[in-house]
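Subject: Structure for you to look at

Hello,

Here is the structure I said I would pass on. My notes follow below it.

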Amino acid sequence: MSEISRVTVFTGSSPGRHPSYREAAEAVGTALARAGMGLVYGGGDVGLMGAVASAGRAAGGEVIGVIPQALVDKEIAHPDLTRLEVVADMHARKMRMAELCDAFVALPGGIGTLEELFEAWTWLQLGIHSKPIALYDVDGFWDPMLAMIDRMVEEGFIGERFREGLVIATTPEALLDALRTWTPPIPKWTQPASSA
Ligand code: AMP
């Protein structure tokens, strides 16, 4: 069992087409707060990002936003956070979000969500961190991406242990259990001539 004090959430700056996405974001924000876990996220008040943060705050949780100056200037930062950290750019933001947390969770989202998810997963593969990464699934949202990832495993581009180490949860309870009991995969390039 590992102690998870804070979780970084990546999710859409859009609300998505179905109300189930917002409901899921709110359920995760509420569950983290009730479990005494802080939430780290992109700091915006838009879409599912705003939903998860507002739910965390409403349930009395710590919510830390990490936002680049350029987005603050556009006045889309969430007005009610425990703390808003303003950083120079998107690279600094991802670094800071990774430093602050003990686990990563991706909820449904778009390009930015995928980019953040895959960077965190790349860093795990390389042993830059050894923190769990989870997909929070809503109505099979991640299935097409998982099919692509499975194809990459079959074709020898991703080691099975990295696919197996990816947590997939459909309820907040299952998510928190899986994060607490997770063990890190052996990073790539630790054995001579290892491929995937
Ligand atoms: P997307 O999935 O393309 O909507 O991008 C969402 C992800 O990118 C979030 O997890 C944020 O960290 C970042 N991001 C994108 N747009 C914004 C925004 N307007 N405010 C704050 N962060 C954003």
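Start with strand 3, which is covered on both faces: V63, G65 and I67 are buried on one side, and I64, V66 and P68 are buried on the other. In a regular strand the side chains alternate between the two faces of the sheet. Counted along the strand, residues 63-68, six of six are buried, so it is mostly covered. Please keep in mind that this is a predicted model.

Strand 2 (residues 38-41) runs parallel to strand 3, and three bridges join the two. Within that pair, L39 stands opposite V63. Strand 2 also pairs with strand 1 (residues 6-10), again in the parallel sense and over three bridges. There, L39 is the bridge partner of V7.

Helix 1 and helix 8

Two packed helices are described by the angle between their axes and the distance between the axes. For helix 1 (residues 19-34) and helix 8 (residues 172-181), the axes come within 9 Å and cross at roughly 50 degrees. That angle makes helix 1 oblique to helix 8. The crossing of these two helices is right-handed. On the helix 1 side the contact involves A27, V28, A31 and L32, which meet P172, L175 and L176 in helix 8. By class, this contact has seven nonpolar residues, no polar and no charged ones.

Helix 4 and helix 5

Helix 4 (residues 90-100) and helix 5 (residues 111-125) pack at an angle of about 60 degrees, and their axes are 11 Å apart. Helix 4 is therefore oblique to helix 5. Their crossing is right-handed. R93, K94, M95 and A98 in helix 4 meet E115, E116, E119 and W123 in helix 5. The classes here are three nonpolar, no polar and five charged residues.

Set side by side, the helix 1 and helix 8 contact has no charged residues, whereas the helix 4 and helix 5 contact has five.

Regards

Note on methods. Residues are numbered from 1 along each chain as its sequence is written. This is a predicted model: local features need pLDDT of at least 70, side-chain atom pairs count only at pLDDT 80 or more; totals for chains, interfaces and linings use all residues. Side-chain values use heavy atoms; hydrogens and water are left out. Axes are lines fitted to C-alpha atoms, for helices over the stretch in contact, and angles run from 0 to 180 degrees between N-to-C directions. Helices (H or I, at least four residues) and strands (E, at least two) are DSSP runs, numbered from the N terminus. Angles under 35 degrees count as roughly parallel, over 145 as roughly antiparallel, 65 to 115 as roughly perpendicular and the rest as oblique. A crossing is left-handed if the near helix is turned anticlockwise from the far one by less than a right angle, and right-handed if clockwise. Contact means heavy atoms within 4.5 Å. Ala, Val, Leu, Ile, Met, Phe, Trp, Tyr, Cys and Pro count as nonpolar, Asp, Glu, Lys and Arg as charged, and the others, Gly among them, as polar. Buried means under 20% relative accessible area, exposed over 50%, partly exposed in between (1.4 Å probe, protein chains only). Two strands pair if DSSP finds at least two bridges between them.
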